[in-house]
Amino acid sequence: MNATELVNSTALRVAGGLLTITGTYLPWATFVLNDGPYPAKATLEFFREPFGLAGYRAHLLAFGVAALVFALVAVPGQGRILRALGAGVVTVSVLNGLWITVDGGGLGAITVSDEDVAFGAPVALVGGVLILAASARGRASDVPAWQWRFPPWWERLLLLGVLVLLLVLVSAVLTSGGQGGAANVYAGAVFLSFLAAAGAGMGALHASGLSSWVAALSERHRGFGIGVLLLCALALPFTGAGTEYWMTVAANIGVYAAAAIGLNIVVGLAGLLDLGYIAFLGIGAFVAANLSGAAASRIGLDLPFPLVMVISAVVAGLFGAVVGSPTLRVRGDYLAIVTLAFGEIFVRSAQNDIGGLTGGSNAIPGIPPLSLFGHGFDEKLVIGGVRVAPGVLYYVLIVLIVAGAMLVFANLKNSRLGRAWIAIREDEDAARAMGVRTGSTKILAFLIGAMLAGMAGAFYAHKTATVSYESFRFIESVTLLAAVILGGMGTIPGAVLGASILFVLPEKLREFSDYRLLLFGIALILIMRFRPQGLVPDTHRRAERAPGREEPTVVLPAVLAKVGR
Amino acid sequence: MPDQPTVDFGRPLVGEPVLHAAAVSMRFGGLTALKDVSFTLADREIIGLIGPNGAGKTTLFNCLTGLYTPTSGSVAMRGIPLPPDPARVTERGVARTFQNIRLFPSMTAEENVLVGRHVRMRQGALSSLLHGPAFRRSEAEAARRAGELLAFVGLTRSSGEPAGNLAYGDQRRLEIARALATDPEVLLLDEPTAGMNAQETAATRQLISAVRALGISVVVIEHDTKFIFGTCDRVVVLVRGEVLVEGTPERVRGDPRVVEAYLGAPPGGAGGGWHG
């Protein structure tokens, strides 16, 4: 980049930042939305009043100011930071502009209509595009690698602060927009906008090298970091997300996160595509449903939960080994079809109540809630004078289960077995030539992955109280697989993040239910196009996807295209 | 043995016989890729396997390592037949590299070598899960060994690099280190210098001699004549799936049939570029 270009792009960036800020202060809608406040602020003032800064407009203002600062102050990684900010401005203004347009019945809603003018959305959008365009020019600078060191205890304190901020962010993301549904039609839009803003903010942090530095920090204080992270996860009920509703959502996410970690062993580590994986969650759930004293169960046993969980895991694991056994002969796409068939067999058998163990279309209702020392997990709880919402104990339990699954995954990955799995994924023949018994190793991947899902299934049965075959359809397998791929194959945070996003979205986007799968599919395609390595890529895979290397075929979009519902 | 080689070895075997292929034939449908190939590899010997393209050299390697099951004939290691399973062949002490480099590209150089160590480690699923003291000892031992091997092939500095990012010549050497990690008695090298420049070829030559000095016997498929005649104790010439000539480099070099098979012309330029 020569000097003139540099000046030009700086001017462009400044202009973009200024336009974004201007757009933020302009009115956004020429009319008052009928269905109540958006987003949670007074309607009329919010859209007409130029200074109604809350919600997404506050995010935009922050991005605009940040863009202005980083346009003028040269910092390492400047280009990438601005790119993330620009993308954030564009996404947030498009999302909200679009929503106001659709709800207001036309482009008049965000431009001119009956004497009223409201150019907030277009102006902010142009600002964002300018920032993006100016930073897309020339070569992107590298993400700087900071080497700051502080005394150990300061570093730990810093880490603690970061993790607490993370907790606040998680709580904010979870509750943003409020509970979706008929009562609150803005939940989805507000949530998406917040998610986009949070994503862009994270992107900017990553571009600045700060998140890598924090990652290095947590690596230096690994034990401490993990402990604090666990505490933060357990502290979620004490934030704004501590209501029964959000605790239920969080517990459901936990179930899918644990299952996603199991699937990540099969798909992410061993590279075996499994399209019927949700069946193992189902098997675990049905086993638990039959062994926990539900009246509808034909077996009628009532075993203690820890034992039930072990039995569920073992039964699911055995089925996993059975499903995995064709891997001895079948590879790649063909294996995917075998697993697809297995998933279908499971759903159909459960639907038709084969063996009388699944209740068929009646499902198995009335699974008793878990209890500890006579205290039901679904009841209110008072700890030292602090009242905690019902369902918090379920949340705590699933956090521990997910933590256990993470430990299993991490330990296996860094072991002889984990290396053998990765070697099989990379080149099966070469792995065999190095003495890896590929057959048993692959079956072991299926077995262990299925056990984790079975464990999660046992929890799921008690949490939802009713286990029906409908929860374990093909689309659930696909969503779980998408969670793993979206988050980043072969990484723990990836699986958890992917599961969180994919299972929070339906909860939040209820009012878009007609378009939910469509949006979902588009989002996945975009992510696969622009970030094929996933949101939290494996350090290994990052190298693998370096330019010039052949990228593996992604089967997911094709699979999604076939999902009609 | 029914089909003992009838060729006169120019000099005695370096040591005890290690690997013996007896009348190995491999047919794919109507195509005969190998026909009654027999040879014996002795302790600490380096055999060069040469022949025009399509002569069956790599097929022979695949038969020796259990990747293919020979249509007839057998392969034995120290008198005991090898099973038709690459993993168990490796366990028995036969390691190989591939003509087209087949590393695990996204794993680091060290991890690649550790995969090679797999067969000499005994930690199962439960131990991998629990990370107990025995597990940690075994991992530390494997890591130490991997470090030694990377130093041996001169890749210490790249140990944390993903294998796919290494330079071409480094990848070839890493493949050798990975094969050595299996503690082989016999190492089969499939064109270890393909695509290398003269300097790298010379370094690889030294490396192979060093491998022999570790007490490992080597069979090497190679096109580079300087390499073959400078390094190998014996040369086996494979043409159209059959052993044409076997003997010392000098013998083979002077054999008119070899020259003809390669050049289709009378001798004169032998020793020069009879590259395929």
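In the predicted model, helix α10 (residues 244–269) of chain A and helix α17 (residues 438–464) of chain A have axes that come within 8 Å and cross at roughly 170°. Angles over 145 degrees count as roughly antiparallel, and α10(A) and α17(A) are therefore roughly antiparallel to each other. On the side of α10(A), the contacting residues include Ala251(A), Val255(A), Ala258(A), Gly262(A), Ile265(A) and Leu269(A). Among those supplied by α17(A) are Ala445(A), Phe446(A), Gly449(A), Leu452(A), Phe459(A) and Lys463(A). By class, 19 nonpolar, two polar and one charged residues make up this helix contact.

In chain B, six strands form an open sheet of mixed pairing, in the order β6-β7-β8-β3-β9-β10. On average, neighbouring strands are turned by 20° against each other, direction ignored.

Within the sheet, strands β3 (residues 46–50) and β9 (residues 234–239) of chain B run parallel and are joined by four bridges. Ile50(B) has Val237(B) as its bridge partner in β9(B). Helix α1 (residues 57–64) of chain B lies across β3, β6, β7, β8 and β9 of chain B, at about 150° to β7(B). Helix α7 (residues 198–213) of chain B also packs on the sheet, where it touches β3, β7 and β8 of chain B, and its direction makes about 155° with that of β8(B).

The contact between the chains takes 29 residues from chain A and 30 residues from chain B. Helices α2 (86–91), α3 (109–117) and α4 (125–130) of chain B each supply at least two residues of the side of chain B that touches chain A. That side has 14 nonpolar, 11 polar and five charged residues.

Technical notes:
Residues are numbered from 1 along each chain as its sequence is written. Chains are lettered from A and ligands numbered from 1 in the order in which they are written. This is a predicted model: local features need pLDDT of at least 70, side-chain atom pairs count only at pLDDT 80 or more; totals for chains, interfaces and linings use all residues. Two residues are in contact if their C-beta atoms, placed from the backbone, lie within 7 Å. Ala, Val, Leu, Ile, Met, Phe, Trp, Tyr, Cys and Pro count as nonpolar, Asp, Glu, Lys and Arg as charged, and the others, Gly among them, as polar. Axes are lines fitted to C-alpha atoms, for helices over the stretch in contact, and angles run from 0 to 180 degrees between N-to-C directions. Angles under 35 degrees count as roughly parallel, over 145 as roughly antiparallel, 65 to 115 as roughly perpendicular and the rest as oblique. Two strands pair if DSSP finds at least two bridges between them.
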